[in-house]
Amino acid sequence: MAFLGEAAAGKICEMAVEMAVQKLTEEANLLLDFRDDFSWLKNNLTYVRDFLQDADQQAPHKEGVKHWVENIRVISLLAEDICEECAIESMYGNNARACSPSCNQLIFRYRIGRKIKDIKERMRSIIEDVNKLKLLREVCPASEASPSTSHSGARKKSYLLPSVHSVGIESKVDDMLRLLDNNASPIIAVVGMGGIGKSYLLQHVYNSVKERYDKCIWLSFSQSYSISTLQCDIASHLGLGQQIRSQGISPERAAELIHENLKGKRYLVVLDDVWEAREDLLSKLGLLIGDNVICKILVSTRNREVCTILNAHIYEMQFLSESESWSLFCFYAFKGNEAPNHQLEEVGRDILKQCANLPLAIKMVAASLPKTTMPREWESKLHRIKEVVIADDDQIMPILRLSYFSLHARLKACFAYLSFFPKVEQINCEYLVYLWIAEGYIPAGEGQWDVAWDCINQLANLCLLQLWEQYEDRPGCKLTNYCRTHDLLHDLAINISKENKCIFSVEEACKGENGDCCRILLGTRDVNEPPISERRLVCLRTLSLSHNWRITSIPAKLFTAMRGLRVLDLSGTGISKLPRSLGKMKLLKVLNLNDTKIENVPECVRHLKSLLFLALPQRCQILPVWINEVKCLQHLECKGVTRVPKGISKLTALRTLRSNWLDLSNEGDEFMRPEDFVKITQLQELSIDVNKEMDSRIEEGILVLLVKMRRLTICNSTENELELPKKMTAMKDLESLILWRFAVGSWICDMANLRELELTWHSCNDYPELQTMPNLVRLELSGNDKCKELPKAFGQRGGFRHLRFFKIDCFNDLEEIPELEEGAMSCLEEFHLCNCTKVKKVGEGLERLKRFKLFYYKRTDKLEEIFRAGGEYWNKIKVINPHVKITSY
């Protein structure tokens, strides 16, 4: 018996040794086969992406595809993480050319090898099932709105705003203005179904009358709005933002502060897209109107009960007539022309009937129609529209969804990501592109910005986005591209995002079963503390807690569950520091800390090796020396910084350095000098302050070597006016040039791409022929003690063809504004004449400007007398162009 026991024990030991050897062999193979497995993963990741694209395109047609897509998408995300980890290791790891891998490299390869092995097992069954993949490709039709593969000129094209065509809006605006003039109705509600144009009408009215009021506030509601968030929006307009956000202020006290601040003032408030009928809505917001008869509140709603509760005067939004609908349809389908043939017109009118005379549906459908003169493809579109409309009681949402499904896969992803932003919020296009890049929607490479702007333009052309440009009060970049989307389209983006594992509520975020969610978007949700999930969020790519000012701290364990995070937006929160665990998020690409209470750049940021976008708050005034270790950084926003460490020149990928005016003096060897910036060859935005020690360096043209510069601001702090060299014309892509105490020569007119020019404290008797600059949109001339008369050439026919904004300020000896010939400044929208006390004559021609507004300031108090002295000319302006405003500041 003892012998048998020993034999059994020996057999067990032998089996254990065999198993150990087999295990060690398998573990060793993870290292030996690392390169082959990694190549296999990269190749098949492309294949899986193609599969996802095909499956997503036919999602509305095949329910069975959805289950496949969900499983494969998770695998695809994990595979992308591995590829990016390997890329980071290649950039920051030990020397790859060493004869033998280091211990750290072996550990890394072993860990990644195990992950690849797990993914291979999960992917193999899908990749081997060729018949299913072929089936998908056969069933899936070609995309009707597939993007162009050519991106040449995309960046330049991005500045061309899409044509916006409105039908019948003028009469509706006039109706609303008459109601506003009637003091008997302080609250006016525009009522109508979604997509009929309520918000569009209010935007026109708001822009037309905002100069009449001391305060104008636009509030955007949603089905899950927060009173506290709306109070903060009002407070920010009234300069009470910090006071309302301070800890301990209750919503009741906030409403009192708002009401006290508005008391006795003329104010206009727009409540856009109000869903819920609440008797206490206005009192909760501090908008009590009983003691102030000079306030106006405009409301847009789909719920007539809201009007009854608010005791509002109702303005019923009417549908478009058949002729108006056809005019709108032709604008987007035929570029404003008539149908090229009778058959196409007949099909077009049948398609139009399905849109129920709703402007949004008409624009969407017409813009997405195939660009062909063959009726057959249009008939196919008509058939699909009829199918979705019949299957759903809602008239417009199925049409919008159908337009979405006709998009190319990349455009679908880019559109759905608009759910990241709150409804009706203006979206900075530059930030949006970084978010797309971080999520992997835009392929990495030299041309990725062209691809991204091409996507923005296509979404705008399909009426899924509205593009415009806006002036910003910050140095170096006053002309910025913004976009927004209709609230119904925003609802569509949210619904699609929810279907693709995105979370929009705190309750859902805290659930344990949401381990496979890809985005948690809780911006402006009045959240008190960050949601913490008990499960690892391996698929989470985006976390937004923006504009939740009650969040004052971030728990350390929050980031341990989301190692694959690409986007973290904490802007507008009350946090003052970040936990160390943030530094372990090696794949993080976007970190937005704007408008937080952080005073020093957190040490953990130096470990974020993939970071592309970093926005710091204004109170953060020092950049650490180690910032150069974040080698991938492309966008650094540090508005409170005036000196940057010398090592920042190692950030060779840096595109934007958005700061205060940087001091580049020779004081301190640890700080940057002009010659150091030349090493950052990709730099496109910079603001610098020139002092006595470096004036010669500027005149030598050292900054000219930054040939990719797009936005440049230079302030001269020396006693004498400096002159910029002609070498500046080497900056062929320069779009914005802002100069303080600098002289420029006639060469400035050769900078064909310049869109914004500011010359401040530039004393001269005459100016170059600026009117010949073909793309100038904004011109500001300030602080001139010598000029008595602006060049007559400024008013010549054909001059300033695209100028929209013109400002003249502090011209102490200016006496005359030249006459505008017919065809001069034909696009001018605003003309600011400020602090020019000696002006005696303003030339004629203003009455020909269709969209013109004239502003003057108190120190130019003779201006109105000058105009009125013209008699007939003054009446011409008032009669011929009723949109002209003479406003005293």
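This report describes the fold, the strands, the aromatic contacts and a few single residues of one protein.

**Overview**

The model is predicted. The protein contains 27 helices and 30 strands. Of its 889 residues, 55% are buried. Among contacts with a separation of 6 or more, 62% are between residues 24 or more positions apart.

**A sheet of five strands**

Five parallel strands make up an open sheet, and their order is β2-β3-β4-β1-β5. At the edges stand β2 (215-220) and β5 (313-316), each of which pairs on one side only. Neighbouring strands in the sheet are turned against each other by 15° on average, direction ignored.

Strand β1 covers residues 187-191 and runs parallel to β5, to which four bridges join it. In one example, I188 has H313 of β5 as its bridge partner. Helix α7, made of residues 169-181, packs on this sheet and touches β1, β4 (295-301) and β5. The direction of α7 makes about 175° with that of β5.

The loop between α13 (304-310) and β5 holds N311. This residue is not a glycine, yet its phi is positive, at about 55°. Most residues other than glycine have a negative phi. The relative accessible area of N311 is 69%, so N311 counts as exposed. A positive phi also occurs at C810, again in a residue other than glycine, with a value near 55°. C810 belongs to strand β25, which covers residues 805-811.

**A covered strand, β19**

Strand β19 spans residues 711-716, and six of its six residues are buried. In a regular strand the side chains alternate between the two faces of the sheet. On one side of β19 lie R711, T713 and C715, and on the other lie L712, I714 and N716; these are all buried, and both faces are covered.

β19 pairs with two strands described here. With β18 (residues 685-690) the pairing is parallel and has six bridges. With β21 (residues 736-740) the pairing is also parallel and has five bridges. Two residues of β19 show how this works: T713 is the bridge partner of S687, and I714 has L739 in β21 as its partner.

**Aromatic rings**

The structure has 22 aromatic pairs. A pair of aromatic rings is described by the distance of the centres and the angle of the planes. Two of the pairs are listed below.

| Pair | Distance of centres | Angle of planes | Type |
|---|---|---|---|
| W326 and F329 | 5.4 Å | 15° | stacked |
| Y417 and F420 | 5.6 Å | 10° | stacked |

Why is the pair of W326 and F329 stacked? The planes of the two rings are at 15°, and the cut-off for stacking is under 30 degrees, so the pair meets it. W326 and F329 are three residues apart in helix α14 (residues 322-333), which is about one turn of the helix. Both residues are buried.

The planes of Y417 and F420 are at 10°, so this pair is stacked as well. Are its members buried or exposed? Y417 has a relative accessible area of 0% and is buried, and F420, at 6%, counts as buried too. Y417 and F420 are also part of one aromatic cluster, together with F421, Y431, Y434, Y441, W449 and F613.

Aromatic rings also meet charged groups. The charged end of K363 sits over the ring of Y200, at 5.2 Å from the ring centre. In the case of R778, the charged end sits over the ring of F805, at 4.2 Å from the centre.

**A residue in a loop, F671**

F671 is found in the loop between β17 (662-663) and α24 (674-677). Its relative accessibility is 22%, so F671 counts as partly exposed; the limit for buried is under 20%. Which residues is F671 in contact with, leaving aside neighbours within four places in sequence? They are R643, V644, P645, K646 and D676. F671 and V625 are 46 residues apart in sequence, while their C-alpha atoms are 9.4 Å apart in space.

Technical notes. Residues are numbered from 1 along each chain as its sequence is written. This is a predicted model: local features need pLDDT of at least 70, side-chain atom pairs count only at pLDDT 80 or more; totals for chains, interfaces and linings use all residues. Side-chain values use heavy atoms; hydrogens and water are left out. Two strands pair if DSSP finds at least two bridges between them. Axes are lines fitted to C-alpha atoms, for helices over the stretch in contact, and angles run from 0 to 180 degrees between N-to-C directions. Contact means heavy atoms within 4.5 Å. Rings of Phe, Tyr and Trp (its six-membered ring) pair if their centres lie within 6.5 Å; planes under 30 degrees apart count as stacked, over 60 as edge-to-face and the rest as tilted. Buried means under 20% relative accessible area, exposed over 50%, partly exposed in between (1.4 Å probe, protein chains only). A charge sits over a ring if NZ of Lys or CZ of Arg is within 6 Å of the ring centre and within 35 degrees of the ring normal.
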